[in-house]
Amino acid sequence: MSYRCRWPKRALKQYPTIGDPCAQKILLFTGTAPILALDSNGLRGLVRLGYTDEKKNYGATYRAAQEALAGQTGTDCAWLVEVHQLLRRHGQELCRRTEPACRVCPLLRNCDFGQVATGASQPAS
Ligand code: SF4
């Protein structure tokens, strides 16, 4: 996160139930800061696609996914909102927490998780 959005993020987090992911979404959706904010559906897809491993907790996994994409996401808030929404929808409709629809997912060819889930390849030992 850039220097220019530290203050608003800190201010937002003073409200109950607003943590980093929520504060980042507010900053992104208001066009205040070009952050690739993620929701849990989007994060799950990125983990399964191999952008990061599951870490010791949600916050660590969230930060690791953002770091993996740092420098590749640009600074256009409108585009980042679209990315957020597409990742969210992908996680809700295809890359579901249980019973992901890997067989019809357009990303299957590039997804080790999906390859194993569909039996197209064996898990790495
Ligand atoms: S192939 Fe399966 S696990 Fe991989 S991104 Fe698609 S739905 Fe998710």
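Modeller: The chain contains six helices and zero strands, where helices (H or I, at least four residues) and strands (E, at least two) are DSSP runs, numbered from the N terminus. The model is predicted, with local features requiring pLDDT of at least 70 and side-chain atom pairs counting only at pLDDT 80 or more, whereas totals for chains, interfaces and linings use all residues. Residue numbers start from 1 along each chain as its sequence is written.

Colleague: How do you know what confidence the chain has, and which elements have the lowest and the highest mean pLDDT?

Modeller: On the pLDDT scale, the predictor's confidence in each residue from 0 to 100, the chain has a mean of 90, and 93% of its residues reach 70 or more. Where pLDDT is low, the predicted coordinates should not be read in detail.

Colleague: What makes the span of helix α5 close to the expected one?

Modeller: The expected span is 1.5 Å times one less than the number of residues. Helix α5 (residues 77-93) has 17 residues, and from its first C-alpha to its last it reaches 24 Å, close to the 24 Å expected.

Colleague: Which residues of α5 are buried, and why are they said to be on the same side?

Modeller: The buried residues of α5 are L80, H84, L87, H90 and G91, a residue being buried if 20 or more other C-beta atoms lie within 10 Å of its own, exposed if 12 or fewer, and partly exposed in between, with C-beta atoms placed from the backbone. They cover an arc of only 135° around the axis, which puts them on the same side of α5; the arc is that of the directions from the helix axis to the C-beta atoms. An α-helix has 3.6 residues a turn, so residues three or four places apart point the same way. On the other side of α5, A78, E82, Q85 and L86 are exposed, while the cover over the buried residues includes α2 (20-29) and α3 (40-48).

Colleague: Why is C95 called buried?

Modeller: C95 has 25 other C-beta atoms within 10 Å, and therefore counts as buried, although its place is in the loop between α5 and α6. Leaving out residues up to four places away in sequence, C95 touches R44, G45, R48, H90, P100 and C105, a contact being two C-beta atoms, placed from the backbone, within 7 Å.

Colleague: Which residues come nearest to the ligand?

Modeller: Of the 14 residues around the ligand, C95, C102, C105, C111 and G114 come nearest, where a residue is near a molecule or strand if its C-beta atom, placed from the backbone, lies within 6 Å of it. The elements giving two or more residues to this shell are α3 and α6 (112-117).

Colleague: How do the residues of the shell divide into nonpolar, polar and charged?

Modeller: There are 11 nonpolar, two polar and one charged; Ala, Val, Leu, Ile, Met, Phe, Trp, Tyr, Cys and Pro count as nonpolar, Asp, Glu, Lys and Arg as charged, and the others, Gly among them, as polar.

Colleague: Why is E99 called exposed?

Modeller: E99 has 7 other C-beta atoms within 10 Å, and is therefore exposed. E99 lies in the loop between α5 and α6, and its phi is near 50°, a positive value in a residue other than glycine.
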